[in-house]
Every structure is written in C-alpha cells, then in structure tokens.
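Please keep the structure open as you read.

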Amino acid sequence: MASRMAGDAMLELSELSKHFDGIRAVDGLSLEVERGEVFGLIGPNGSGKSTTVNLVCGVFPATSGRVLLEGKDLGGLPPHRRLNAGISRTFQNIRLFGELTVWQNLWIARRDAPGEEAGFMRNWFGSSARIREAIEETLVFAGLAGRANDLARNLAFGEQRRLELARAVSARPQLILLDEPAAGMNREEVEDLKQRILALKGSGITVLLVEHVMELVMGVTDRVAVLNFGKLIALGAPGEIQGNMAVREAYLGSPDAEAA
Amino acid sequence: MVDFIQTTIDGLSIGSAYSLIALGFTLVFGVMRRINLSYGPSIMLGAFAGTWIFVTLDAQPWLVAAVTVAGTVAVGVYVERVCFWAIRRDAAIASMVSSFVIWMQLEEVATILLPGRTYPFPELFRTGGVEIGPYFFRMEYVTTLTVAILVLVMLRLLLFKTRFGLALRAVSENPAAAAYMGIRPGRVIFRAFVLASLIGGIAGYLLLAADQQVTPYFGLWATFKGLIAMMLGGMGSIPGAVVGGLILGVIESQTQWYLGNAYKDLSSYLVLFMVLVLRPGGLLGQGIAEREAQAFRRI
C-alpha cells in the first residue's frame with residue numbers, strides 16, 4: 001500500500017478490531033474503499049459486516065485500529081459529527097421520522113453546501129430557493145416527487161426504503177453506507193435499487209454496500225470484500241469473488257457441501 | 001345550567017395555564033425521556049425574581065412579567081446543565097433524583113431572596129371583567145386564555161414549520177436516527193429546555209397574576225398540576241398536554257363549585273387514577289404496548 005498516494009482512498013480501515021465480551025466481531029480488518037467506487041461488503045450472518053458499518057458510523061468505539069476518511073482519522077467522533085465529515089447511511093431496519101413529512105425528512109437531514117450556510121432565518125423559518133430545488137431533485141431521484149407532503153409513516157414499504165436512501169443523499173455525503181438496502185425487496189425493486197445506486201456512483205458519491213442479496217452485489221459493485229469471523233477472507237472484482245473457493249466454504253461450510 | 005357553563009368557562013381558563021405547564025414537562029420528556037421535577041420550582045424562582053423587583057423597586061407589571069419569564073429561563077438553563085447535561089450518560093433516575101435535590105435548593109434561594117413567604121404579585125390589567133348575557137368573564141381569565149391560545153399557536157408553528165421544531169420532534173421520535181442525520185442531540189435538548197422554561201414562565205406569570213400573590217410552595221403546586229395534566233393526556237404527547245390541562249382545570253372548578261374546595265384535589269387524583277387504569281398511556285398518548293410494537297416494527 002506504500003506505493004499508493006495518501007488520500008487516494010475515500011475510506012480506510014486499518015487493523016480495525018471490535019471485541020464484545022471476548023467475541024471478536026471484527027478482528028484486525030484492513031481495507032480501502034477508493035473514491036467513487038461501489039464497494040460491496042458481504043459475508044455470512046455474524047461475520048462482522050454490521051459491526052464494521054457501526055464502527056464507521058461511530059456507534060461505538062473500536063477496540064483497536066483506526067477508521068480514516070480521506071486520510072483523516074475519525075477517532076472517537078460521535079455520529080452527528082461523522083455526518084458533517086461526509087458519511088451518511090441508511091438503516092437495515094427503516095428508521096425514518098414517521099411524524100414528519102417526506103419533504104421535512106429530507107430538509108432536516110440536509111447538510112449545507114459551503115457558502116450555503118444561511119443564517120438564522122433559513123435555519124428557523126424556511127429554506128432558500130436553492131435548497132428547495134436540491135430537495136426536489138433528491139425527491140425525483142428517489143421516485144417520490146408526488147409525495148413530498150405525505151407523512152413518512154403513511155408511505156408504503158418500498159417508498160419508505162427509497163426515502164431512507166433519499167434522506168441519506170440529502171446530507172450531501174461523500175461516502176454513503178447502505179446497510180442491507182435490498183432486504184425484503186422483490187426482484188423488480190432490486191433492479192430499481194440497482195439503477196439508483198449506479199446513479200449515486202455517477203454523481204461521484206462513494207458507496208459502501210453491505211448486502212445479502214447477491215444479485216444486487218454482483219450487479220453494481222466494482223469490488224467486493226468477503227468477511228468471515230471478523231476477518232477479510234477475499235477481496236476482488238465481483239466475478240472473481242463468485243468463483244472463489246474460500247467464499248463458497250464460508251457460506252456453505254465445506255467445498256463438498258455444494259456437491260451434496 | 002348557567003352555573004355549570006360558567007364553572008366550565010372558569011375551569012377552561014385556569015386549565016389553559018395548566019396546559020402550558022404540562023407542555024413544558026412533555027417537551028422535555030419527549031426529547032430525553034426524563035422528568036424534570038424542578039420545573040415547577042424553576043417557575044417559582046422566576047416569579048420570585050419578578051416579585052422581588054416589584055416589592056423592592058416598585059416595578060411596572062409588564063416588567064415584572066418580563067423578569068418572571070427571563071428568570072424562569074435562567075433557572076431552567078441552570079437545572080438543565082446540572083441535572084441533565086452533566087449526567088446525561090447516567091441512568092434517567094439520576095436526573096430525576098438530582099432535579100428533586102435542586103428543587104430543594106431553589107426553594108432555599110427563594111426564601112433567602114425574600115424571607116417573608118407570601119408576596120404580592122401584580123396583575124397585568126385592572127381586575128374587573130366582561131359580562132356577556134348571564135356569564136361573567138373575569139379579566140384575569142380572559143388574559144390567561146388569550147395568552148395561552150397565542151402561545152399554543154406559536155408553538156404549533158415552531159414545531160411544525162421551523163427546522164428547530166422538526167429537529168426537536170425528530171429527536172423525540174428516534175434520537176439515534178436523528179444523530180446519524182447530523183442533529184446534535186445535546187443542542188436540541190438544551191433548546192427544548194429553554195423553550196419549556198419560556199412557556200413555564202408565561203404560565204407562571206398568568207397563574208400568579210390571577211392569584212395576586214406568590215409563595216415558595218408555588219413550585220410544588222406547579223409541578224403537581226403539570227405532571228397530572230401531562231399524565232392525563234399522555235406523556236410526551238403535545239396535544240395530550242393541552243387536553244390534559246383543560247380537563248384538569250374543568251374537573252377542579254366543577255368539584256370546587258358543586259362539592260367544595262376540600263374535594264378539588266381529591267377529584268383530580270381520582271380521575272387521573274381512572275384514566276391510568278383504563279388507558280395506561282394517557283388519553284392521547286400511545287399505549288405502551290402500541291409504542292413497543294411500533295418500535296419493533298421499525299427494527
């Protein structure tokens with residue numbers, strides 16, 4: 001890694017570990033997510049994917065190791081400051097503000113662009129035309145253009161999922177963490193999500209995708225890392241990973257299991 | 001019938017002030033799931049600051065009102081720093097206990113400031129009233145009801161239209177998700193305290209101006225009325241606080257009229273007891289089971 005220029009990676013995990021009561025949920029994990037790529041993180045249940053996401057978001061401190069965003073150590077920054085640093089996320093279990101409208105969910109998550117930090121009036125009473133425009137755009141991106149004034153809790157499941165994504169985008173992140181966004185989706189919805197993730201990539205946002213649904217992972221990612229027992233067991237292009245014996249073993253127990 | 005309606009009108013007027021105090025409790029409970037027992041005593045000390053400039057400097061009523069509200073906010077901020085912010089990582093019960101301790105401290109401060117126990121409190125407008133048909137509207141009650149409605153309308157706008165209000169409601173609904181969306185929980189909680197103190201100071205002034213006097217026991221009284229009204233309506237529910245306060249006011253004035261002063265508090269406890277047995281979450285609060293189920297669905 002010495003040959004690579006510092007700051008090349010959007011996200012770098014360095015010897016990251018998290019132990020819970022002696023269980024090594026994440027065990028010396030090192031990897032780099034490059035700027036602008038869609039990076040998949042897969043692994044069987046309990047392999048440490050969710051713990052990794054939570055470490056990146058600052059839910060709890062790491063036992064050891066570091067999380068760096070654009071070369072800057074995030075240390076013990078609390079979640080709300082990690083958002084300001086440029087990391088936003090969606091939740092495996094939908095966590096919208098149900099009593100707020102769709103529009104308000106996006107407004108409240110919105111992070112001001114440099115030079116856009118309006119003062120008291122905008123912060124309290126309204127938003128500038130530019131911000132309203134940006135929110136409208138995000139609504140269109142998520143296919144929620146007609147639902148701006150509906151309460152989030154009244155949306156259908158699929159719409160709530162899309163609003164989760166839109167809310168994360170509204171924060172104008174550099175890195176977006178998608179925590180099992182396809183859970184509970186049908187084939188058509190997965191295809192739809194795939195297009196939206198590619199659109200995110202197209203707008204220059206780096207995506208870290210944690211997912212069980214292989215169809216999605218193989219369809220959108222540039223590189224995939226496979227975790228098992230908190231350790232990295234494989235890393236490569238989706239096509240390589242699909243054929244990797246160690247990965248099959250991790251999922252199926254042994255190479256013979258597949259034949260059986 | 002005329003008596004009944006007249007008593008209901010009086011009850012609604014007092015009740016609107018109870019609603020404001022209940023709102024203060026419910027706003028703070030909403031954002032932190034913690035109860036501030038010092039809320040009533042903070043209002044009391046603010047009112048003592050107001051009456052202090054009245055008795056020592058013979059200040060104008062409007063200035064007394066301003067000092068009462070400003071004093072309540074100052075004490076509210078102090079309580080937030082000591083009982084909530086400083087021990088925010090500890091158990092919720094720690095905040096409740098320390099807010100009880102600070103309550104005692106605030107009463108001491110009040111008696112040091114003005115050792116005479118009972119002090120006059122000036123009303124904003126001359127006493128008197130308006131007669132409409134067989135009904136008589138006491139001037140203090142008209143003022144109370146008008147101001148309370150005004151505060152409610154402004155609060156509604158604040159909570160539903162401003163970014164701060166939305167952040168406050170987001171933290172009430174899901175503090176963890178709010179933090180991931182860049183909302184600083186500590187800042188929202190602090191502002192919720194300032195807002196609650198502002199409302200409490202206004203309610204305190206209205207109630208005391210109607211009574212024309214203030215004692216250190218007003219703190220205890222305000223905490224009781226506010227907590228009962230909040231629990232009647234449902235803890236953490238904003239419409240619940242309004243409804244709970246109005247119901248409490250009407251129950252009190254009806255019992256006072258038909259059964260006598262001695263039964264006033266007894267009847268409100270009885271109604272609270274029945275409501276909590278029949279609807280443990282309060283009249284407009286979500287039932288606890290329902291809230292759990294909803295949380296589970298989101299997971």
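## The six-stranded sheet of chain A

In this predicted model, six strands of chain A form an open sheet with the order E6-E7-E8-E3-E9-E10 and mixed pairing. Strand E6 (87-89) and strand E10 (231-236) of chain A each have a single partner strand, so one side of each is left without a neighbour in the sheet. On average, neighbouring strands of this sheet are turned by 20° against each other, direction ignored.

Is A:Ile197 buried or exposed? It has 23 C-beta neighbours inside 10 Å, and therefore counts as buried; the cut-off for that is 20 or more. Leaving aside residues up to four places away in sequence, A:Ile197 touches A:Val38, A:Val207 and A:Val220. A:Val226, by comparison, is 29 residues from A:Ile197 in sequence and 20 Å away in space, C-alpha to C-alpha.

## The four-stranded sheet of chain A

Chain A has another open sheet to look at, with four strands in the order E2-E1-E4-E5 and antiparallel pairing. Its edge strands are strand E2 (23-34) and strand E5 (72-73) of chain A, each of which pairs on one side only. E5(A) is joined by two bridges to strand E4 (residues 64-69) of chain A, and the two run antiparallel. Here A:Leu69 stands opposite A:Lys72 in E5(A).

Helix H1 (residues 49-57) of chain A packs on this sheet and touches strand E1 (9-20), E2 and E4 of chain A. Its direction makes about 65° with that of E2(A).

| H1(A) | E1, E2 and E4 of chain A | about 65° with E2(A) |

Stepping back, chain A has 11 helices and 10 strands. Of its 260 residues, 40% are buried. Among contacts in chain A between residues at least 6 apart in sequence, 66% join residues at least 24 apart.

## Chain B and its contact with chain A

Now to the partner chain. How many residues of chain B are in contact with chain A? There are 18, and they meet 24 residues of chain A. Helix H6 (163-173) and helix H7 (175-180) of chain B are the elements that give two or more residues to this side of chain B. H6(B) gives the largest share, seven residues. By class, the side of chain B that touches chain A has 10 nonpolar, three polar and five charged residues.

Elsewhere in chain B, helix H9 (residues 218-233) has 16 residues, which at 1.5 Å a residue should span 22 Å; its end C-alpha atoms are 22 Å apart, which agrees. H9(B) is mostly covered, with 13 of its 16 residues buried. Just after H9(B), B:Gly234 takes a positive phi of about 120°.

## Confidence

The mean pLDDT of chain B is 89, and 95% of its residues reach 70 or more. The model scores ipTM 0.83 and pTM 0.86.

Methods:
Residues numbered from 1 in each chain as written. Chains lettered and ligands numbered in written order. Predicted model: local features only at pLDDT ≥ 70, side-chain atom pairs only at ≥ 80, totals over all residues. Contact = placed C-beta atoms within 7 Å. Nonpolar A, V, L, I, M, F, W, Y, C, P; charged D, E, K, R; others polar. Pairing = 2+ DSSP bridges. Axes fitted to C-alpha atoms, helices over the stretch in contact; angles between N-to-C directions. Expected span 1.5 Å × (residues − 1). Buried ≥ 20, exposed ≤ 12 C-beta atoms within 10 Å, placed from the backbone. pLDDT = per-residue confidence, 0-100.
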